[in-house]
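Have your viewer ready and follow along.

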Amino acid sequence: MTEIIHLPGIGNSGKRHWHSLWEDADSAIRRFTPTSWDEPDLSDWVAALEEAVCAAQTPPILVAHSLACLLVAHWHQVSDLPIGGAMLVAVPDPESPAFPSQAVSFADTPQRKFRFPSLIVASTDDPYGSLPYVQTQAEQWGSNLKVIGAAGHINGQSELGGWPEGLTLLRDFVSRV
């Protein structure tokens with residue numbers, strides 16, 4: 001069985017977010033737990049991710065949303081723990097005017113190619129990350145890119161419900177890694 005660790009972005013994932021709905025449907029999915037969701041500290045989030053990956057019985061699949069996508073890029077620079085891969089949804093641009101000021105420690109995003117398979121899922125109208133920015137990140141990180149059309153920030157406000165298309169993307173990704 002593939003272990004899955006959810007990595008929500010700033011503010012955590014609310015009840016209407018697909019992260020939460022997937023967890024409600026599958027109790028085996030775990031969520032990493034940094035000290036603060038609202039005042040994110042990069043070193044704390046890296047440590048929380050390291051702890052979550054260490055606790056996995058097998059190399060897990062990381063499913064990151066928003067700020068946590070940048071976390072994965074930072075974490076892979078300092079950790080050699082094995083993971084099966086990472087699905088990165090709604091990668092934010094730290095240069096965007098919409099980028100939260102309390103997340104500035106995440107801003108200097110590493111550009112090095114990931115040492116594990118990765119898939120970026122992007123929307124054409126994400127207010128936090130333009131499609132050209134996301135395409136550049138996919139190239140630099142060596143990630144496959146799936147553009148799903150106009151879906152905003154691919155979060156609870158996007159009204160995707162349980163986001164069955166995303167679950168299908170995750171299952172297809174897992175089957176390939």
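By about how many helical turns are Trp18 and Trp22 separated in helix H1? They sit 4 residues apart in that helix, so about one helical turn lies between them. Bear in mind throughout that this is a predicted model.

**Aromatic pairs**

Both of these tryptophans, Trp18 and Trp22, are buried. The structure holds 9 aromatic pairs, and two of them involve Trp22. A pair of aromatic rings is described by the distance of the centres and the angle of the planes, and the table uses those two values.

| Pair | Distance of centres | Angle of planes | Kind |
|---|---|---|---|
| Trp18 and Trp22 | 4.7 Å | 55° | tilted |
| Trp22 and Trp163 | 6.0 Å | 10° | stacked |

Trp163 is buried, as is Trp22. Because Trp22 belongs to helix H1 and Trp163 to the loop between E6 and helix H5 (164-176), their pairing ties together parts that are 141 residues apart in sequence. Elsewhere, Phe32, Trp37, Trp45 and Phe106 make up one aromatic cluster.

**The sheet and its helices**

Next, the strands. An open sheet of 6 strands is arranged in the order E2-E1-E3-E4-E5-E6, with parallel pairing. Strand E2 (30-31) and strand E6 (144-147) are at the edges; each has a single partner strand, so one side of each has no neighbour in the sheet. E2 runs parallel to E1 and is joined to it by 2 bridges, and Ile5 has Arg30 in E2 as its bridge partner.

Helix H1 (residues 18-25) lies across E1, E2, E3 and E4, at about 145° to E3. H4 lies across E4, E5 and E6, and runs at about 175° to E5.

The buried residues of H2 are Leu42, Asp44, Trp45, Val46, Ala48, Leu49, Ala52 and Val53, and they pack against E1, E2, E3 and H3.

In soluble globular proteins, nonpolar side chains tend to be buried together. Here the largest nonpolar core has 38 residues, and those touching the most other members are Leu7, Phe32, Leu62, Val72, Trp75, Leu88 and Val91. Two or more residues each come from strand E1 (4-7), helix H2 (42-55), strand E3 (61-65), helix H3 (67-78), strand E4 (85-89), strand E5 (118-122) and helix H4 (131-141). H3 gives the largest share, 8 residues. A second, separate core has 18 residues, among them Trp22, Val63, Leu169 and Phe173.

Which residues does Phe32 touch beyond four places away in sequence? The contacts are Ile5, His6, Leu7, Pro8, Trp37, Trp45, Ala48, Leu49, Ala52 and Leu71.

Ile120 lies in strand E5 and is buried, with a relative accessible area of 0%. Beyond four places in sequence, Ile120 touches residues including Leu88, Val91, Val134, Ala138 and Trp141.

Ser66 sits in the loop between E3 and H3. Is Ser66 buried or exposed? With a relative accessible area of 10%, Ser66 is buried, because it falls under the 20% cut-off. Apart from neighbours within four places in sequence, Ser66 is in contact with Gly9, Val89, Ala90, Pro92 and His153.

Methods:
Residues numbered from 1 in each chain as written. Predicted model: local features only at pLDDT ≥ 70, side-chain atom pairs only at ≥ 80, totals over all residues. Heavy atoms only, no water. Core = buried A, V, L, I, M, F, W, Y, C linked by side-chain atoms within 4.5 Å. Buried < 20%, exposed > 50% of the residue type's maximum accessible area, 1.4 Å probe, protein only. Contact = heavy atoms within 4.5 Å. Pairing = 2+ DSSP bridges. Axes fitted to C-alpha atoms, helices over the stretch in contact; angles between N-to-C directions. Phe/Tyr/Trp six-rings, centres within 6.5 Å; stacked < 30°, edge-to-face > 60°.
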